[in-house]
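I opened a new notebook page for this structure. I wanted to look up its helices, a pocket and a few loop residues.

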Amino acid sequence: MANLIEVKVPDLGDVSDAEIIEISISVDDAIDVEDTLIVLETEKATMDVPSSTSGIVKEIVCKPGDKVTEGSVILKLAASSVEEKQSEDQDEPQKPEPEVSKNMVDSEVNTKQKVFSRDEQKPAIAEDQALHEPMQTGVVYASPAIRRFARELGVDLTAMHGSGIKGRILKEDIRQHVKKMLSKQSTASTGTLNIAALPNIDFSKFGDTETIALTKIQKFSSANLHRNWLTIPHVTQNDDADITEMDAFRKSVKDEALSEGIRLTPLTFMLKAVVASLKAFPRFNSSLSTDDQSLILKKYFHIGVAVDTPEGLVVPVIRDVDKKSIYQLATELAEVSASARDKKLGIDAMKGSCFTISSLGGIGGTSFTPIVNWPDVAILGVSKSTLKPVWNGQEFEPRLMLPLSLSYDHRVIDGADGARFITHLSRTMGDIRRLLL
Ligand code: CAO
C-alpha cells in the first residue's frame, strides 16, 4: 500500500488567502506534474495551482468556496513509484517544487492573461468582464486544464455555459455537454434534427409485461422504414378507382384460372395498370441520386410487392411486369409470397424495384399512408374495395370502388403530377381495355 502524500498550496507571494473556485481533479484521477489541481481567485486575478508530483488522487481535502493560504492541504496522493521512493527518502511529505511557487507568484502578480497564457496564448481579458459576463461577450471563462480537456474532445467552449462559480466552465460541464451531443446524434442520425432522446420506461410499474425479441426482418425493416420516413418528404394522394368492370372480368375468368392452379386477385391487374401509368409518367420510374443532383430514369418495369409474413414485412420484386401476362404475374405473385412466408426468399429477390405496391385490400381499411420504399420514389397503398352509390348523372348506381393511396417523394414529384398519376391509374383500372392501347 503506497504512502499518501499531502499536496499543499504553495507560496502565494503577498496574497494571504485565496478562494478555491474550481477543483480540476477527481478522486482516482491519475495526475502528472503540471496538471492543474485547483483554481484560485484573489482580488486581483485567478490562477491555476499545478501539481508538482505525479500519482493517483486518493482524497480531496478542500472544496470550492474554501479560502486557502500557503500550506493548506489540497489533496492526498498515492505517489507513483519514483515519487514514492523520493517521499520515503524524505522525512516530510513532499512539498511543491519552488518553480511551481514562482510560477504561481508570477501568475498572480501579473495579469489574468499571463495566468491563462501558460498554454493557451489567449488574449488579455478584463477581469470584471470575465467574471461577470462570460457568455454574453463570447469570452470563455475556463482554466488551461479545462481548455486542454475540451480541445481533446473537440468541444467548442464558446457554445457552453459554465456551472462553476461565476459561470466558470468545469470538467463536469464538458462531460455533460458531450453526453448531450452524443445522445442527439444517436436519435437523429440525419444530423440536422434536434430530437430529444426517448426516456427508458419501466412499463412493469404500470402492470404485467412480457418482452419479446424482434426478428431479424423486423429490425431490418424498422431501420429502413425509419430512415425513409425521416429522409423522404412524403405526400400521400388518395383516390377511389371504379373497378366494377375489372372485378367482373376477374370473376368471369377466376374459375378458369383456378383450374390451372392460378389464383386471380385484383392485385395482378393492378400490377399491369401501374406499369401503364409508369410508362405515361416516367419520373415515377426513377431514383434520386444520393447527392440529390440528378434523377436516374429506369427503362425497365420491376415492381415490388409488400408481403406480410409471420417474421415481418418483406418486399419481393416481380421483374419485367410489362412483359408478362396476367396469369404469369398471378403465378409469380403466389410463388414469391409463398417463399417469403417460408423464409426462402434470397436477398437478390428483394432488389431492383422501380415502384412498390402495398395491398391491404384482403384485410380491410379505407386508406393508409404507405412509406416510400427507397430507392423508389413512389408507392401505391391499396385498401379494401366496397360497393358505393355513385351518381351517374341520372341516378345513384352501385359501383365497386377501390381506395388507392399514392405516397411519393416530393423532391422528385410535384403535387400536380401526383394527382395526374393517380387519375391515370384509376382510369386504367376503371377500363382495363386501355391496357391494350
Ligand atoms: N379489395 C377487396 N378484396 C380484395 C382486395 C381488395 N383490394 N385485394 C384482395 N382481395 C381479396 C382477394 O381477392 C382474396 O379473395 P378471394 O380469395 O375471394 O379472391 C382475398 O382478398 C385475399 O387476398 P390475398 O391478400 O390473399 O391476395 P392478394 O393478391 O390481394 O395479396 C399479398 C397478396 C402477398 C400482397 C398479401 O397476401 C399480403 O401479404 N398483403 C399484406 C401486405 C402488407 O402487409 N402491406 C403493408 C405494408 S406497409 O406496412
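**Entry 1: helix α9.** I began with the length of α9. At 1.5 Å a residue, its 15 residues should span 21 Å, and its end C-alpha atoms are 21 Å apart, so the two values agree. The expected span is 1.5 Å times one less than the number of residues in the helix. I took helices (H or I, at least four residues) and strands (E, at least two) as DSSP runs, numbered from the N terminus.

Before going on, I noted the ground rules. This is a predicted model, where local features need pLDDT of at least 70, side-chain atom pairs count only at pLDDT 80 or more, and totals for chains, interfaces and linings use all residues. Residues are numbered from 1 along each chain as its sequence is written, and side-chain values use heavy atoms, with hydrogens and water left out.

Next I asked how much of α9 is buried (under 20% relative accessible area; exposed is over 50%, partly exposed is in between; 1.4 Å probe, protein chains only). Eleven of its 15 residues are buried, so α9 is largely enclosed by the rest of the structure. I listed the buried ones: L267, T268, F269, M270, L271, K272, A273, V274, V275, S277 and L278.

**Entry 2: the whole protein.** I stepped back to look at the totals. I found eleven helices and 19 strands. Buried residues make up 40% of the 437 residues. I then looked at contacts, meaning heavy atoms within 4.5 Å. Among contacts between residues at least 6 apart in sequence, 63% join residues at least 24 apart.

**Entry 3: helix α11.** I checked this helix the same way. The 16 residues of α11 (residues 415–430) should span 22 Å at 1.5 Å a residue, and the end C-alpha atoms are 22 Å apart, which agrees. Which residues of α11 are buried? They are G418, F421, I422, L425, S426, T428 and M429. Seen down the helix axis, these buried residues fall within an arc of 165 degrees, so they line one face of α11. The arc is that of the directions from the helix axis to the C-beta atoms. I recalled the rule behind such patterns: an α-helix has 3.6 residues a turn, so residues three or four places apart point the same way.

I also looked up what covers that buried set. The cover includes the helices α8 (244–259) and α9 (266–280). Among the strands in it are β9 (234–242), β16 (355–359), β17 (378–382) and β19 (396–409).

**Entry 4: the second largest pocket.** I wrote down how a pocket is found. On a 1 Å grid over the protein atoms alone, using a 1.4 Å probe, a pocket is an open set of points with protein on both sides within 12 Å along at least five of seven lines; lining residues have an atom within 4 Å of a point. The second largest pocket has a volume of about 280 Å³. Grid points are joined across faces, edges and corners, and the volume is the space filled by probe spheres set on the points.

Which residues line this pocket? I found K272, V275, A276, K279, D322, H424, R427, T428, R434, L435 and L437. The elements that give two or more residues to the lining are α9 and α11. The largest share, four residues, comes from α9. By class, the lining has four nonpolar, two polar and five charged residues. Ala, Val, Leu, Ile, Met, Phe, Trp, Tyr, Cys and Pro count as nonpolar, Asp, Glu, Lys and Arg as charged, and the others, Gly among them, as polar.

**Entry 5: S287 and P375.** S287 sits in strand β10 (residues 286–288). At 7% relative accessibility, S287 is buried. Leaving aside neighbours within four places in sequence, S287 is in contact with S294, L295, I296, K298, P375, D376 and V377. I followed one of these partners, P375. P375 lies in the loop between β16 and β17. The peptide bond from W374 to P375 is cis, with omega near 10 degrees.

**Entry 6: loop residues.** D28 lies in the loop between β2 and β3 (30–31). Its phi is near 80 degrees, a positive value in a residue other than glycine. Is D28 buried or exposed? At 54% relative accessibility, D28 counts as exposed.

D320 is in the loop between β15 (317–318) and α10 (326–341). Phi of D320 is near 45 degrees, again positive in a residue other than glycine. D320 is partly exposed, at 26% relative accessible area.
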